[in-house]
Amino acid sequence: MVLEATMICIDNSEWTRNGDYSPSRFQAQADAVNLICGAKTQSNPENTVGVLTMAGKGVRVLVTPTSDLGKILACMHGLEVGGEMNLAAGIQVAQLALKHRQNKKQQQRIIVFAGSPVKYDKKVLETIGKKLKKNSVALDVVDFGEEDDGKPEKLEALVSAVNNSDSSHIVHVPPSSGALSDVLISTPIFTGDGEGGSGFAAAAAAAAASGVSGFDFGVDPNLDPELALALRVSMEEERARQESAARAAEEAARQGGESSNSQDATMTENVSVAAPSDDNKRNEQLDNEAALLEQALAMSMDDPRASQSGGIPLVDADMSEAAMEDEELALALQMSVQDDANELANQNDLNQVLANHSLMSSILSQLPGVDPNDPAVRDALASMQPQGELMPKVSFLILFTILGLNSTEVQLVKPV
Amino acid sequence: MACLHDHSCEEHDCSSDFSLYKHIDLPKVSALNEAAPGSVKSVFKAWEQRLDSSGAHLESNDGDPELLVFIPFTSDVKIKSISVVGGDTGTSPAKMRAFINRDGIDFSDAQSMRPVQEWELAENLHGVLEYQTRYVLISYPYFISHLLLFMNYS
């Protein structure tokens with residue numbers, strides 16, 4: 001967790017418009033810069049990072065070394081590509097910016113992204129390197145983009161002139177190696193000579209590789225236990241609250257609202273109730289839609305109570321949030337909660353609605369984002385039979401599973 | 001031990017008068033442009049060992065005869081004189097500049113800023129030469145917590 005002030009030198013010359021790194025050299029560079037800033041600020045909260053551009057009209061400092069990650073990320077927006085990279089001037093300005101850092105106890109480091117050809121010769125670069133070494137500034141170079149002959153050697157000479165007991169590194173990233181950030185994650189540039197930064201790097205690598213955080217609520221309990229706990233507690237509370245709301249709603253449903261309005265409202269409530277009525281300790285690990293549907297179908301086939309584990313995880317959370325977000329839904333919920341309950345349920349009404357396939361199809365086709373010919377939807381429809389009290393809840397669970405991704409489009413409550 | 005001051009050294013122990021060694025914050029001593037990182041710490045010795053040159057030397061990088069030594073003290077001190085022992089055959093420092101209580105000075109600053117005091121050094125292989133500091137440094141406002149010595153060999 002070394003205390004460090006870093007200046008990142010970005011290459012925004014015309015050469016970075018090229019698309020041999022996806023989506024473009026410049027964009028790949030920007031992603032890598034974002035990752036590096038995050039890693040640095042996370043490995044030590046007092047670390048500062050600054051950014052400057054080397055091409056364009058001239059060397060320009062976008063942000064002086066700061067520990068505010070938001071400011072750094074914001075300044076990366078709206079950068080224009082053009083001009084020619086001036087490596088020597090860029091390094092000198094970076095050195096100057098570091099010299100005037102606020103906390104003199106920080107070690108000085110410069111990270112250079114070199115995407116365009118290097119027009120300076122080796123001698124000049126070595127002199128620059130020696131000057132950096134004399135003032136104990138470390139230098140990391142990312143050699144990507146343009147493969148000039150002589151460029152790797154020049155940059156190697158520069159880094160070895162600066163290098164003092166292995167604090168400076170150079171990484172060559174050829175175009176074929178995929179995303180620039182992924183390659184960089186495993187290098188010492190990221191891992192900070194193998195110390196605290198590696199924790200962040202490992203987490204980032206895992207996230208990048210799997211595409212999913214794999215943790216409950218997307219937060220690593222090791223990294224942020226309080227946040228993970230808070231999320232879990234609020235989820236439980238929400239479920240409990242909805243459960244009690246749903247009980248009142250069920251009774252209202254049994255009263256049998258004829259208007260599609262209240263029925264729809266209660267249906268949506270039954271849906272959000274079904275979520276809490278399921279087991280509490282559900283881990284949000286499956287967000288594969290097909291898997292969700294399969295499980296929902298299995299549930300509707302078997303005794304619903306038997307297979308309540310696994311099932312509809314994250315989507316429930318989405319739904320309850322979606323319900324809360326939509327004002328009209330909230331109003332509808334309130335309406336039903338306030339209704340005084342009559343004990344008799346008119347369950348048959350609900351079942352009839354569901355069994356009426358044509359009605360279901362028409363409802364479904366009116367909903368944006370749902371294609372009635374989607375095999376998943378058809379399966380869901382086919383599986384619906386008037387089987388029991390929990391059936392309508394499960395069926396609408398399926399429906400909302402499909403809609404779960406477009407949570408704002410839950411428009412059942414609006415008068416059709 | 002040849003002392004240049006005007007009393008006889010046999011009677012009392014000069015070391016306490018003449019050494020701030022105990023007050024130097026040795027772990028935090030650092031230098032810029034040293035050939036071997038960390039060698040600067042070994043050149044500060046107690047009075048009794050001041051002529052013992054068997055340990056590591058502080059050398060600048062090849063071809064670049066400048067050194068910047070940063071010396072923090074554990075308590076505020078007043079410095080009356082400085083003595084520098086250099087190598088022979090032209091490897092002793094020729095000029096020295098002192099800056100006090102400043103952080104983050106690098107070589108360009110050391111060349112351009114006005115130092116508190118500047119000396120021309122003569123070859124001093126046996127540590128007999130001491131360079132007095134200006135009276136201003138010894139008088140009241142100048143309690144010193146950091147001392148920065150810039151040494152030039154040319």
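This report describes two buried strand residues of chain A and one open sheet of chain B in a predicted model.

The model is predicted, with local features requiring pLDDT of at least 70 and side-chain atom pairs counting only at pLDDT 80 or more, while totals for chains, interfaces and linings use all residues. Residues are numbered from 1 along each chain as its sequence is written, chains are lettered from A and ligands numbered from 1 in the order in which they are written, and side-chain values use heavy atoms, leaving out hydrogens and water.

**Chain A**

Strands are DSSP runs (E, at least two residues), numbered from the N terminus. Buried denotes under 20% relative accessible area, with a 1.4 Å probe and protein chains only.

Contact means heavy atoms within 4.5 Å. Leaving aside neighbours within four places in sequence, the contacts of A:Ala114 include A:Asp11, A:Met85 and A:Lys151. The C-alpha atoms of A:Ala114 and A:His172 are separated by 9.8 Å, and the two residues are 58 residues apart along the chain. With residues up to four places away in sequence not counted, A:Asp140 touches, among others, A:Arg109, A:Ser168 and A:Ile189.

**Chain B**

Five strands of chain B form an open sheet in the order β1-β2-β7-β4-β5, with antiparallel pairing; two strands pair if DSSP finds at least two bridges between them. β1 (30-32) and β5 (117-120) of chain B stand at the edges with a single partner strand each, so one side of each lacks a neighbour in the sheet. Three bridges join β1(B) to the antiparallel strand β2 (residues 66-77) of chain B, and B:Ser30 has B:Phe70 in β2(B) as its bridge partner.

Conventions:
Buried < 20%, exposed > 50% of the residue type's maximum accessible area, 1.4 Å probe, protein only. Helix = DSSP H or I, 4+ residues; strand = E, 2+ residues; numbered from the N terminus.
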